[in-house]
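Okay, thanks for making time for this one.

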Amino acid sequence: NQMARDGFLIQEAYRGLRVADIEADSLLEIARVRVALDTEAISEILADQSGQRMAVLEAAWRKFEKATAGSDPLALHEAHVEFHRGIWEAADNYLLMRIWPVMEAQMTIVLAYDQFTRTNPARAHAIHAALMRAIRTGDPAQIRTALDVHTMDSAQELALLAPGSAE
């Protein structure tokens with residue numbers, strides 16, 4: 001029931017449960033909101049003159065790198081979600097953490113679909129490494145470009161693969 005409430009499963013009368021489909025428009029909406037919220041989180045991390053927030057992000061990055069060295073799809077998925085949670089946690093923003101569970105549920109659906117349709121741990125690592133490099137520069141334009149490549153480009157690629165998309 002909780003998975004159905006979170007949108008992972010669809011309850012159908014007299015049929016039971018099935019995995020939720022992902023619509024192309026939903027993928028793109030989630031990606032746009034993620035870019036906006038991730039941009040805010042990263043801005044708050046970089047605004048911290050003490051460097052403590054960046055240290056929290058670097059720790060999340062190290063955990064992600066360690067987890068992506070393996071080949072277990074579930075571990076890779078969990079590491080991916082945890083890395084993004086780490087960005088929001090590093091921002092130390094009350095509201096971001098309050099809305100994280102909603103975003104996490106949506107991300108879980110999208111990431112599971114992504115892993116199912118195009119498993120490529122090396123690609124995932126490379127995109128995240130580019131994002132971290134951009135964050136370390138502190139340059140908003142580089143960060144925005146890296147977020148667009150990481151989130152928007154990926155969502156657009158997935159949208160083309162989603163059920164009901166125009167091919």
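So, reading along the sequence, the pattern of the protein chain is α-β-β-α-α-α-α-α-α. In total that's seven helices and two strands. Bear in mind that what you're looking at is a predicted model.

A few overall numbers. The chain has 167 residues, and 41% of them count as buried.

Okay, helix packing. Let's start with helix 3, residues 52–68, and helix 4, residues 73–91. How do those two run relative to each other, roughly parallel or roughly antiparallel? The packing angle is about 175°, with the axes 8 Å apart. Anything over 145 degrees counts as roughly antiparallel, so that's what helix 3 and helix 4 are. On the helix 3 side, the contact is made by Arg53, Val56, Leu57, Ala60, Trp61, Phe64, Ala67 and Thr68. Helix 4 brings Ala75, Leu76, Ala79, His80, Phe83, Gly86, Ile87, Ala90 and Ala91. Sort the residues of this contact by type and you get 13 nonpolar, three polar and one charged.

Now stay on helix 3, but look at its packing with helix 6, which is residues 121–137. Here the angle is about 165° and the axes are 11 Å apart. Helix 3 and helix 6 are therefore roughly antiparallel as well. The crossing of helix 3 past helix 6 is left-handed. From helix 3 you have Met54, Leu57, Glu58, Trp61, Phe64, Glu65 and Thr68 in the contact. Helix 6 answers with Ala124, His125, His128, Ala129, Met132, Ile135 and Arg136. What's the make-up of the contact between helix 3 and helix 6, in nonpolar, polar and charged residues? Eight nonpolar, three polar and three charged.

Next pair: helix 6 with helix 7. Their axes are 7 Å apart and the angle is about 155°. So that's another roughly antiparallel pair, helix 6 and helix 7. The crossing of helix 6 past helix 7 is left-handed. Who meets whom? Helix 6 puts in Arg123, Ile127, His128, Ala130, Leu131, Ala134, Ile135 and Thr137, and helix 7 puts in Gln142, Ile143, Ala146, Leu147, His150, Ser154 and Glu157. That contact divides into eight nonpolar, five polar and two charged.

Is Ile143 buried or exposed? With a relative accessible area of 5%, Ile143 is buried. Leaving out residues up to four places away in sequence, Ile143 touches Ile42, Leu46, Ala134, Ile135 and Gly138. There's also Ser43, 100 residues away from Ile143 in sequence, with the two C-alpha atoms 9.6 Å apart in space.

Further along helix 7, which runs over residues 140–161, you'll find Gln156. Gln156 has 41% relative accessibility, so it counts as partly exposed. Gln156 and Leu27 are 129 residues apart along the chain, and their C-alpha atoms are separated by 7.8 Å.

Last bit: backbone. Most residues other than glycine have a negative phi. Which residues go the other way? One of them is Tyr14, not a glycine, with a positive phi of about 65°. Tyr14 is in the loop between strand 1, residues 9–12, and strand 2, residues 16–19. Relative accessibility for Tyr14 is 88%, so Tyr14 counts as exposed.

Then there's Asp92, also a residue other than glycine, with a positive phi near 55°. Asp92 lies in the loop between helix 4 and helix 5, the latter being 94–117. Its relative accessible area is 58%, so Asp92 is exposed.

Okay, that's me done. Over to you for comments.

Technical notes: Residues are numbered from 1 along each chain as its sequence is written. This is a predicted model: local features need pLDDT of at least 70, side-chain atom pairs count only at pLDDT 80 or more; totals for chains, interfaces and linings use all residues. Side-chain values use heavy atoms; hydrogens and water are left out. Axes are lines fitted to C-alpha atoms, for helices over the stretch in contact, and angles run from 0 to 180 degrees between N-to-C directions. Helices (H or I, at least four residues) and strands (E, at least two) are DSSP runs, numbered from the N terminus. Angles under 35 degrees count as roughly parallel, over 145 as roughly antiparallel, 65 to 115 as roughly perpendicular and the rest as oblique. A crossing is left-handed if the near helix is turned anticlockwise from the far one by less than a right angle, and right-handed if clockwise. Contact means heavy atoms within 4.5 Å. Ala, Val, Leu, Ile, Met, Phe, Trp, Tyr, Cys and Pro count as nonpolar, Asp, Glu, Lys and Arg as charged, and the others, Gly among them, as polar. Buried means under 20% relative accessible area, exposed over 50%, partly exposed in between (1.4 Å probe, protein chains only).
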